[in-house]
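Thank you all for coming. Please have a look at the sequence and the structure first, and then I will go through the two ligand sites.

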Amino acid sequence: MPDDRVITFGEAIREGLIEALARDEAVFLMGEGIADPSSFWGTTAGVVERFGPDRVMEMPVAENGMTGVAIGAAMAGQRPVISLHRVEFALLAIEQIVNNAAKAHYLSNGYHKVPLVIRIVIGRGWGQGPEHAQSLESVFAHIPGLKVVMPTFASEAKGMLIAAIEDDNPVIFIEHRWLYNVAGHVPEGYYRQPLNGPKVAVKGRDVTIVASAYMTLEAVRAAKVLEDIGCSAEVIDLRVLRPLNLGPVYRSVQKTGRLVTVDTGWVQYGIGAEVVARVASECFEALKSPPLRLGPPDHPTPSSRGLIPGFYPDGDRIVQEVGKLLAIDPERLKAGRRTLAEQRRDLPIDTPDPFFKGPF
Amino acid sequence: MAIPDIKPPNTGPDVSSDLLLKFYFEMLRVRLVEEGIADRYSEQEMRCPVHLSIGQEAVAVGACQALQPRDKVFSTHRCHAHYLAKAGDLKRMLAEIYGKAAGCIGGRGGSMHLMDPDKGMIASIPLVGSSIPLAAGSALADQRTGSDRVTVAFFGDAALEEGVFHECGNFAALRRLPVLFVCENNLYSVYTHLDDRQPKRPLTEVARAHGMPALAGDGNDVVAVYQATREAVERARRGEGPTFLLFDTYRWREHCGPNYDNDIGYRSESEYLEWRERCPIAHQRRLLFEAGLLDPDQEEARIAKIRAEIDAAFAFAKSTPLADPSQASDHVYA
Ligand SMILES: Cc1ncc(C[n+]2csc(CCOP(=O)(O)OP(=O)(O)O)c2C)c(N)n1
Ligand SMILES: [Mg+2]
């Protein structure tokens with residue numbers, strides 16, 4: 001079977017880009033640092049050598065202009081894929097994204113289309129501090145007219161990227177930095193994964209945990225530990241933030257009666273807030289306890305490793321919170337929490353977890 | 001409106017020998033601090049990105065020496081040299097990079113966010129171009145209050161590609177703001193050469209098109225930087241508005257981090273070696289010895305003092321306590 005092959009999330013994105021470039025002449029890439037030795041964290045390695053600098057365009061440092069140019073080219077039938085190394089750089093382009101990309105179709109009474117993919121990297125780094133480590137996915141998820149996707153697993157990163165490139169709408173393709181080295185089974189060749197909603201990552205009965213991207217992995221990890229003490233958590237990987245299809249979440253909550261959301265971004269007005277609100281509207285009677293939203297505390301992301309402890313939710317935090325929700329004796333959680341701690345051992349707090357080598 | 005032309009700086013008499021010595025030792029201090037960072041970086045106790053200015057010291061030192069303590073500076077991701085040249089506290093700088101509570105902003109920002117507002121080092125922002133409007137706003141505030149202070153915005157060649165540079169150039173020229181736009185052109189944005197990012201035209205013409213005088217100088221000649229900056233500062237203090245200063249220079253080490261990276265393919269070893277020949281510090285040293293302003297004993301004594309200061313600062317930064325998680329939520333609101 002070709003899909004026995006294991007590659008990383010970053011390599012899967014690279015393959016998706018190459019497949020799309022090879023299939024459709026209208027596809028081209030623009031970005032800072034996509035045709036340089038860093039090749040966008042390796043995701044465009046060798047791509048300029050294969051497709052040339054007219055299809056892999058190294059760009060000036062001008063994010064709003066670049067994004068607007070890409071929108072204009074997309075309206076004229078091209079299929080650009082632009083890349084922004086950090087969501088903070090995308091903030092410079094938010095004017096074009098929100099005013100033009102998201103509205104060209106509506107404002108032309110359906111005439112214009114913007115088949116554009118904007119790759120945006122979110123997440124934590126190594127002491128990057130308040131202006132290089134944010135997770136602002138909900139800013140984009142707020143905007144009608146955009147599609148916002150946030151893959152977790154390598155195979156999905158490739159399939160969803162191809163689907164995003166084929167899509168006639170502007171798609172914000174969010175890549176969490178700590179996922180790049182996570183490996184998984186990835187089919188070869190050209191394939192698409194529909195941008196149609198969540199997937200169950202772990203089946204369970206007692207509590208529904210809804211997460212995206214890196215937080216899905218932390219939730220999966222928590223679910224494994226909880227399972228050992230007979231608590232069955234269902235983990236749902238949200239995958240697509242907009243358009244939001246919560247059918248699988250409703251079905252899960254109907255079964256479990258309990259909901260925990262885990263966000264990479266801030267809790268207030270975050271993804272979990274929307275999930276909880278909709279679940280409350282759609283399946284209020286099924287809820288056995290108030291839903292719980294987890295995410296970073298309500299302050300900027302500090303640089304120092306001294307300030308970071310407790311900032312990012314992790315498997316251990318999820319285990320503890322689920323334990324409280326289900327009134328599990330903390331003593332019974334101890335062994336599992338120890339296992340989680342051992343997996344990290346003395347790894348510094350700002351370094352991705354060895355647990356996430358995959359494959360999944 | 002005719003754009004007044006700035007006369008090329010006249011080298012010589014108006015720079016005292018004390019100042020020439022000061023330039024040298026200030027640059028050397030910046031170099032030694034950054035080499036100290038590079039040497040210790042692999043210990044992995046400085047857990048934040050570092051963008052070193054090694055090779056570019058003359059711009060920071062020459063420009064800041066033309067300022068008064070009350071004048072203000074804004075910087076970028078590459079802010080170490082500006083911070084030190086503006087008399088930022090060395091211990092608090094290193095403590096910040098080590099993530100310590102005693103850091104200049106308590107470990108919140110790390111190396112890319114250095115500031116020492118009491119010394120006029122107002123802020124460093126690691127988004128390209130992002131601190132330029134803050135500098136213009138600072139100048140606007142001084143203009144509104146009748147202060148004679150001058151503000152400097154330091155930035156790299158890539159900032160000229162960002163819209164905000166042009167918005168601010170236009171506005172500052174329009175309102176004759178007491179602000180200096182100081183561009184350190186080190187030819188690269190990360191791994192991408194200027195020629196792959198901008199059409200060939202003098203960067204000074206870009207500024208002139210906004211209606212402000214512009215002057216280009218050798219960014220590895222601290223005296224030239226000083227003189228050009230002083231000229232621009234005087235103009236600003238006289239209420240004649242902003243000036244754009246372009247200084248060509250070169251970053252010796254990798255864009256971010258302590259290593260050399262001439263082998264990875266974006267620039268050549270020979271280009272690097274050419275620029276290294278033009279070391280701003282060695283140049284100034286030669287000048288001092290030739291003019292008989294410095295002798296080896298004097299030099300050795302001064303360097304020993306600088307080294308002692310730097311060693312003490314590293315020792316402090318390493319031993320002072322880490323920032324505490326309980327402080328992380330402070331200061332979200334005023
Ligand atoms: C708005 C924005 N876009 C992109 C980046 C990524 N980035 C960080 S430093 C840098 C290079 C900037 O080059 P230049 O302004 O010439 O400064 P230098 O690093 O050469 O000192 C870039 C592109 C950023 N920090 N901010
Ligand atoms: Mg540069």
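Let me begin with a definition: a residue is near a molecule or strand if one of its heavy atoms lies within 4 Å of it. This is a predicted model, in which local features need pLDDT of at least 70 and side-chain atom pairs count only at pLDDT 80 or more, while totals for chains, interfaces and linings use all residues. Residues are numbered from 1 along each chain as its sequence is written, chains are lettered from A and ligands numbered from 1 in the order in which they are written, and side-chain values use heavy atoms, with hydrogens and water left out.

Ligand 1 lies between chains A and B, and of the 21 residues around it, those that come nearest are E63(A), H77(B), R78(B), P126(B) and D157(B).

Now to the polar contacts, meaning pairs of N or O atoms within 3.5 Å. One nitrogen atom of ligand 1 is 2.5 Å from an N or O atom in the side chain of E63(A), and a nitrogen atom of ligand 1 is 2.9 Å from a polar backbone atom of V128(B).

Turning to the magnesium ion, ligand 2, its protein donors (N, O and S atoms within 2.8 Å of the metal, or 3.2 Å for Na, K and Ca) are D157(B) through OD, N186(B) through OD1 and Y188(B) through O, lying 2.1 Å from the ion. Water is not among the atoms, so the site may look incomplete. Both N186(B) and Y188(B) are buried, that is, under 20% relative accessible area with a 1.4 Å probe and protein chains only.

How values were computed: A polar contact is a pair of N or O atoms within 3.5 Å; within protein, one must be able to donate a hydrogen and the other to accept it, and residues adjacent in sequence count only if both atoms are side-chain atoms. Buried means under 20% relative accessible area, exposed over 50%, partly exposed in between (1.4 Å probe, protein chains only).
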